[in-house]
Amino acid sequence: MTARLSGVERVKARQQPRPTVVWSVVTAELAARPVGRAGRILDVGGGTGGFAVPLAEAGHRVTVVDTSPNALAGLMQRATEAGVADSVTAVQGDADALPGLQDCDGVGLVLCHSVLEMVDSPSAAIEAVHEVLEPGGAASILVANRAGAVLSRAAAGNLASATAILTDPAGRSGDRDNLLRRFTPESLSDLVTRGGLVTEQVHGVNVVTDLVTVSESGSEQALREFELATATTAPYRDIATQIHILARKPG
């Protein structure tokens, strides 16, 4: 079965800025790699390059796999404007077909952000990520969090939607929900483990960012610092809008 992403949710995901917590984890992982091994990065469902272009600007080679030719065209335009087009490769393809795609083998880091909640088979996608990673390579995995969706809808007064997400086996609000599923930290970690990867870090992303404005929080810097402070601390981590895992391929 082909692992394709929802067009509506793709656009929404691309319009969001890079989450502070995820960006800090990704850059720390890259900084920890041996000198001279900047390596290759694979961004699955990377759209127009919200992560890929800044990483290319930092000196890395990045392959972006996406099902949308329009998104990939936007990626290359963005990379060209940033002067890093030679460091970015755009590949049209699906998440479960990574091993057979151009420049997708033996990579040191895979980004799989806002993908698993929208593909037909999350397990097939994780298995593909495992296969293309080099031994010791890492995967940054970001998904929608069921608890965060329940709380945000309840806080907005939409108790019917909150209850549906709470009780539905896949964490959906109904047939019109653009996501095929939402995760818990435990279900995501289990999926990663079954795919052959070892979970090293678990973070909550956007613990309060989606609930308060900058003016309410005091400043963007204060909001970023709060997100970093709560990202790994239960129960705040577990009620965030998204769950982030850094996992590694043994080797």
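**Helix packing and an aromatic pair**

Modeller: In this predicted model, helix α2 (residues 20–31) packs against helix α10 (residues 220–230) at an angle of about 65 degrees, and their axes are 9 Å apart.

Biologist: Why is α2 called roughly perpendicular to α10?

Modeller: Angles of 65 to 115 degrees count as roughly perpendicular. The angle here is about 65 degrees, so α2 is roughly perpendicular to α10. The crossing of α2 past α10 is right-handed.

Biologist: What makes the contact between α2 and α10?

Modeller: On the α2 side there are T20, V21 and S24, and they meet R224, E227 and L228 of α10. Sorted by class, this contact has two nonpolar, two polar and two charged residues.

Biologist: How many aromatic pairs does the structure hold?

Modeller: There is one aromatic pair.

Biologist: Why is the pair of W23 and F51 called tilted, rather than stacked or edge-to-face?

Modeller: Planes under 30 degrees apart count as stacked and those over 60 as edge-to-face, with the rest tilted. The planes of W23 and F51 stand at 55 degrees, so the pair is tilted. The ring centres are 5.4 Å apart, and the limit for a pair is 6.5 Å.

Biologist: Where in the chain do W23 and F51 sit?

Modeller: W23 is in helix α2, and F51 is in the loop between β1 (40–44) and α3 (52–57).

Biologist: How do you know whether F51 and W23 are buried or partly exposed?

Modeller: Buried means under 20% relative accessible area. F51 has 10%, so F51 is buried. W23 has 22%, so W23 counts as partly exposed.

Definitions and conventions: Residues numbered from 1 in each chain as written. Predicted model: local features only at pLDDT ≥ 70, side-chain atom pairs only at ≥ 80, totals over all residues. Heavy atoms only, no water. Axes fitted to C-alpha atoms, helices over the stretch in contact; angles between N-to-C directions. Helix = DSSP H or I, 4+ residues; strand = E, 2+ residues; numbered from the N terminus. Parallel < 35°, antiparallel > 145°, perpendicular 65-115°, else oblique. Left-handed = near helix turned anticlockwise from the far one by under 90°. Contact = heavy atoms within 4.5 Å. Nonpolar A, V, L, I, M, F, W, Y, C, P; charged D, E, K, R; others polar. Phe/Tyr/Trp six-rings, centres within 6.5 Å; stacked < 30°, edge-to-face > 60°. Buried < 20%, exposed > 50% of the residue type's maximum accessible area, 1.4 Å probe, protein only.
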